[in-house]
Amino acid sequence: MGARNVIAMATFSCITLMTGCVIGPDYERPEVEVPEQWRIDYRSASDLTNAKWWQQFNDPVLDGLIETALKENLDIRIAAGRVNQFLGQLNTTRAEFFPQLGAGGGVSRNRISEETFGSTPGSDPYYTQYEAALGASWQLDLFGRVQRQTESVQAQVYASEQGRRGVILSVVTGVTSSYVALRGLDRQLVIAQETELSYKDSVTLFKLRHSYGTVSQLEVDQVESQYQLALAAVPLIEAQIAAQENLISILLGRSPGAIGRGKSLDNMTIVGVPEALPASLLTRRPDIQQAEQNLISANAAVGVAESLYYPDISITGNFGQASADLGDLLDSSAKIWDIGASITAPIFTFGRIEGQIQSAEALRQQAEDRYRFTLLSALKEVNDALVSTDKNAQNYQALKQREKALLSYAKLADMRFENGAASYLEVLYANNELFQAQLDTVSSQIDYYSALIDVYKSMGGGWVDQAVDMVEPVAESSPDASLLMPEWR
């Protein structure tokens with residue numbers, strides 16, 4: 001009973017000390033100057049940043065692709081596994097707060113020396129020893145070393161979760177941008193194929209006219225060059241479409257293959273531009289939150305290093321039975337127990353602890369600088385995305401008007417040629433300019449949509465949490481054999 005009282009008093013004293021003595025600096029968020037407003041001001045509903053913004057495109061196929069990617073994307077699965085890894089480390093570290101209990105037992109055959117002091121001549125030097133015991137050990141966290149370790153690992157758990165949210169953000173915006181680019185390439189392919197068929201008919205017509213002597217061979221060659229130009233564009237665009245489908249397939253966690261189509265680029269609803277204050281990025285963007293959690297972890301690691309200056313105190317105890325006869329093992333007379341305490345403290349380490357503290361403080365400074373850089377980079381990305389959206393919208397509208405003007409120019413040039421008022425060289429120039437302008441307009445439309453998507457990516461927002469809710473828990477499983485040996489297209 002006396003031993004139990006000693007343990008109880010020691011436990012109470014240690015818990016009291018642990019709550020009031022934690023070595024190392026407490027975390028404080030670094031101050032970073034944040035601008036009051038963006039370089040481009042949009043007047044739009046701020047709640048768009050908290051909605052599943054990709055659904056504004058009103059394309060069920062796109063919605064299905066994103067849902068599949070959130071469930072099957074391998075980067076998301078890897079990130080989820082990383083979260084579980086740090087959760088395991090956190091459980092291991094937290095366990096050091098509590099006594100470690102164990103049990104053991106054994107049997108041994110022994111021989112004692114017959115020449116030792118106190119041995120009885122003629123007695124049997126052989127004996128068997130049976131033992132069974134419970135053991136406990138407790139390293140007291142008087143100076144907060146375990147608490148700082150737990151704080152550090154817990155921050156790593158949060159950082160890994162923010163890393164997972166960042167991967168989800170990238171996957172959603174990546175699938176959306178890639179799908180928009182795919183539908184744009186589909187539109188460019190239609191333009192090239194229609195132009196090719198139109199020029200092919202012109203080649204046939206001009207060859208017929210040449211046979212009747214109404215046009216020269218020069219004009220036939222000019223029409224032929226137009227046809228070959230459009231014909232050459234088709235396989236290049238087809239290759240880009242295949243590459244884009246392969247990219248989306250990888251984002252979906254599949255082998256390269258064809259991707260379903262929904263609405264055309266022109267029939268998609270243009271998403272709105274969200275409005276948000278720069279300060280809100282501190283609670284929105286996963287990469288900023290991840291950088292801050294890494295800073296918290298590094299800050300706590302400084303405390304862990306500083307705690308090495310202070311003593312380690314441990315309490316150990318054992319209680320059990322020991323007997324030379326198995327039948328007597330449970331008798332009260334076979335009871336054994338011991339309780340003890342140990343303390344170790346550094347005296348001369350010749351710079352070992354100082355070096356660890358110096359290293360921890362350097363890592364903390366790196367983490368703080370990385371946090372500041374991440375925040376400033378985020379502000380840059382938002383400003384870039386908003387400016388790009390505004391300027392790409394202007395570019396797209398200008399190119400649409402240019403395409404409209406060139407369409408009229410091509411028709412007038414063709415009429416002038418038919419009436420003998422102009423050479424076919426003028427028609428050739430007008431048609432080539434129109435063909436390129438049509439492709440440029442689609443490219444500008446893709447850039448405009450991509451800039452809108454980048455706004456949502458750069459701002460983060462509550463929509464990331466909604467996307468996280470769509471992700472299924474990852475279970476440990478063996479790799480899919482179809483991913484290891486894909487069928488080539």
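Visitor: How are helix 4 and helix 8 oriented to each other, roughly parallel or roughly antiparallel?
Guide: This is a predicted model, in which local features need pLDDT of at least 70 and side-chain atom pairs count only at pLDDT 80 or more, while totals for chains, interfaces and linings use all residues. Residues are numbered from 1 along each chain as its sequence is written, and side-chain values use heavy atoms, with hydrogens and water left out. Helix 4 (residues 145-211) and helix 8 (residues 424-459) pack at an angle of about 170°, their axes being 9 Å apart. Angles over 145 degrees count as roughly antiparallel and those under 35 as roughly parallel, and helix 4 and helix 8 are therefore roughly antiparallel.

Visitor: Which residues of helix 4 make the contact with helix 2?
Guide: The axes of helix 2 (residues 60-72) and helix 4 come within 10 Å and cross at roughly 145°. Contact means heavy atoms within 4.5 Å. From helix 2 the contact takes Val 61, Leu 62, Leu 65, Ile 66, Ala 69 and Leu 70; from helix 4, it takes Ile 168, Val 171, Val 172, Val 175, Thr 176 and Tyr 179.

Visitor: Is Ser 225 buried, partly exposed or exposed?
Guide: Ser 225 is found in helix 5 (residues 217-251). Buried means under 20% relative accessible area and exposed over 50%, with partly exposed in between (1.4 Å probe, protein chains only). The relative accessibility of Ser 225 is 39%, so this residue counts as partly exposed.

Visitor: How far apart in space are Ser 225 and Tyr 199?
Guide: In sequence, Ser 225 and Tyr 199 are 26 residues apart. From C-alpha to C-alpha, their separation in space is 9.2 Å.

Definitions and conventions
Axes fitted to C-alpha atoms, helices over the stretch in contact; angles between N-to-C directions. Helix = DSSP H or I, 4+ residues; strand = E, 2+ residues; numbered from the N terminus. Parallel < 35°, antiparallel > 145°, perpendicular 65-115°, else oblique.
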